[in-house]
Amino acid sequence: MTKLSVNINKIATLRNSRGGNNPNVVKMAIDAERFGADGITVHPRPDERHIRYADVRELKKVLTTEFNIEGNCREQKFIDLVLEVKPHQVTLVPDALNQLTSDHGWDTITHKQYLRDTIRIFKDAGIRVSIFVDPDIRMVEGAAETGTDRIELYTEGYARHYAANREKAIAPYLEAAKKAKALGLGLNAGHDLDLTNLRYLAQQIPWLDEVSIGHALICDALYYGFENTIQLYKRQLNVSGS
Ligand SMILES: CC(=O)[C@@H](O)[C@H](O)COP(=O)(O)O
Ligand SMILES: NCC(=O)COP(=O)(O)O
């Protein structure tokens, strides 16, 4: 079954908004694991708008499920943090400094050698590497030549078009996922996944290793409660026999 990695960025956003330690990011991560999360994802951005580097170090001490750190490997500070913390997985995302959020995958053709060199650093440290990729066959093929263990499909386009025509929305993702499988790449997915669009994605791409979900899940938790919400998302991924 596809694993659920809960992205806790937005819990840190709420905490930072008042300057104290409420909500307690570390406690909520531990509780997320207790409520059924298969992993925790954080994305410490250079401006530390939500997850701080200090949070990452504290989380490493207490997490018992998979720890996934996302970020921009163009920042030496990020590379140093990941090598210090040694999470199970690092997900390399080509974000610029001033982006509101992540909004594109790597050009794995133009940046192939750079990705090869960077991925080697993390793999030599025993860290699984995933790289953020648009649902583009050429980019998936380029990813396979970088030595990455996995790709993470950027699912904003799928989410945006899901309501209008889910078959059309998933088509490029299914094609990219089949190519990844054929090339022996592990497969993650994330960005804008939610309770309406998650089940269909998992049904159509059952070899999906992991989804990382944050924004919508934390918003849903405001209505349904954190424990119930994590269980709701996990049930969307239980598609065996469906
Ligand atoms: C890479 C990706 O799509 C998300 O994991 C990203 O971490 C979201 O970042 P924000 O929470 O800062 O929007
Ligand atoms: N990699 C995607 C992620 O971790 C969370 O993205 P979102 O659910 O906050 O859009």
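Is T101 buried, exposed or partly exposed? With 13 C-beta neighbours inside 10 Å, T101 counts as partly exposed (buried means 20 or more other C-beta atoms within 10 Å of a residue's own, exposed 12 or fewer, and partly exposed in between, with C-beta atoms placed from the backbone). This is a predicted model, in which local features need pLDDT of at least 70 and side-chain atom pairs count only at pLDDT 80 or more, while totals for chains, interfaces and linings use all residues. Residues are numbered from 1 along each chain as its sequence is written, and chains are lettered from A and ligands numbered from 1 in the order in which they are written.

T101 lies in the loop between strand 4 and helix 5 (helices, H or I of at least four residues, and strands, E of at least two, are DSSP runs numbered from the N terminus). The unreviewed UniProt entry annotates R45, H50 and T101 as "binding site"; such annotations may be inferred rather than shown by experiment. They span 57 residues in sequence, yet no two of their C-alpha atoms are more than 11.6 Å apart, so they gather at one spot. H50, in the loop between strand 2 (39–42) and helix 3 (53–62), counts as buried with 23 C-beta neighbours inside 10 Å.

Strand 5 (residues 128–133) is largely enclosed by the rest of the structure, because five of its six residues are buried. Strand 5 pairs with strand 4 (residues 89–92) in the parallel sense over four bridges (pairing requires at least two DSSP bridges), and Q89 stands opposite R128. Four bridges also join strand 5 to strand 6 (residues 150–154), again parallel.
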